[in-house]
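Thanks for coming, everyone. Please have a look at the structure before I start. I'll talk about helix packing, then pockets.

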Amino acid sequence: SPKKAKKRSEGASSNVFSMFEQAQIQEFKEAFTIMDQNRDGFIDKNDLRDTFAALGRLNVKQEEIDEMLKEAPGPINFTVFLTMFGEKLKGADPEETILNAFKVFDPEGKGSLKKDFVTEMLTTQADRFSSEEMDQMFAAFPPDVAGNLDYKNLVHVITHGEEKDQE
């Protein structure tokens with residue numbers, strides 16, 4: 001019956017908010033607001049370029065931005081943004097998800113990031129770390145002599161609870 005079909009399509013768009021807890025939705029909203037640089041309620045290619053620039057990536061290729069925008073079914077408002085994250089996270093491995101977040105800042109794929117850069121990012125962006133939290137992290141995961149943090153090991157311990165070498 002046509003009534004059933006209508007109900008199913010309504011559920012498809014509205015259920016994205018039931019996939020996340022209220023606190024998570026609030027965090028996504030903050031991320032969306034940070035990325036929506038011109039505050040028009042949509043994330044477009046200029047917003048993405050400005051967001052990359054704010055994160056220190058100045059030479060992002062237009063093709064890379066176009067590819068990102070192509071993942072959306074249309075203009076990216078908050079509901080579309082949330083839906084895209086829901087689809088990406090559905091069945092996602094937490095270890096892979098966290099690794100991918102670090103890889104954004106490691107385009108060469110070295111597996112490590114400069115301690116100073118990690119400190120800068122974690123104390124100035126989104127959910128800011130305190131200096132005590134940074135001290136605790138670097139005490140648990142000391143950078144090497146060159147000041148590099150092995151984020152692959154860090155992520156492994158976050159998701160599995162022990163260091164890779166001790167398996």
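Which hand does the crossing of α6 and α9 have, right or left? What you see is a predicted model.

Take the two helices themselves. The axes of α6 and α9 come within 9 Å. They cross at roughly 150°. Angles over 145 degrees count as roughly antiparallel, so α6 is roughly antiparallel to α9. And the hand? The crossing of α6 and α9 is right-handed.

Now a second pair, α3 and α4. Their axes are 10 Å apart. The packing angle is about 120°. The range for roughly perpendicular is 65 to 115, and α3 and α4 are therefore oblique to each other. Here, too, the hand is defined: α3 passes α4 in a right-handed crossing.

How much space lies in the largest pocket? About 2,500 Å³. Its lining has 47 residues. Closest to the centre are A31, F85, A101, V104 and F105. Find those five on your screen.

Which helix supplies the largest share of that lining? The answer is α2, with seven residues. Other helices join in. Each of α3, α4, α5, α6, α7 and α9 supplies at least two residues.

Now the second largest pocket. About 220 Å³ of space lies in it. Its lining has 14 residues. Nearest its centre are F105, D106, L113, K114 and F117.

What gives the most to the lining of the second largest pocket? This time it is a strand, β1, residues 112-114, with three residues. By class, this lining has six nonpolar, five charged and three polar residues.

Last point. Where does the second largest pocket lie relative to the two domains? Domain 1 and domain 2 both give residues to its lining, so this pocket lies between them.

Conventions. Residues numbered from 1 in each chain as written. Predicted model: local features only at pLDDT ≥ 70, side-chain atom pairs only at ≥ 80, totals over all residues. Heavy atoms only, no water. 1 Å grid on protein atoms, 1.4 Å probe; cavity = no way out; pocket = protein on both sides within 12 Å on 5 of 7 lines; lining within 4 Å. Points joined across faces, edges and corners; volume = space filled by probe spheres on them. Helix = DSSP H or I, 4+ residues; strand = E, 2+ residues; numbered from the N terminus. Nonpolar A, V, L, I, M, F, W, Y, C, P; charged D, E, K, R; others polar. Domains from an automatic or database assignment. Axes fitted to C-alpha atoms, helices over the stretch in contact; angles between N-to-C directions. Parallel < 35°, antiparallel > 145°, perpendicular 65-115°, else oblique. Left-handed = near helix turned anticlockwise from the far one by under 90°.
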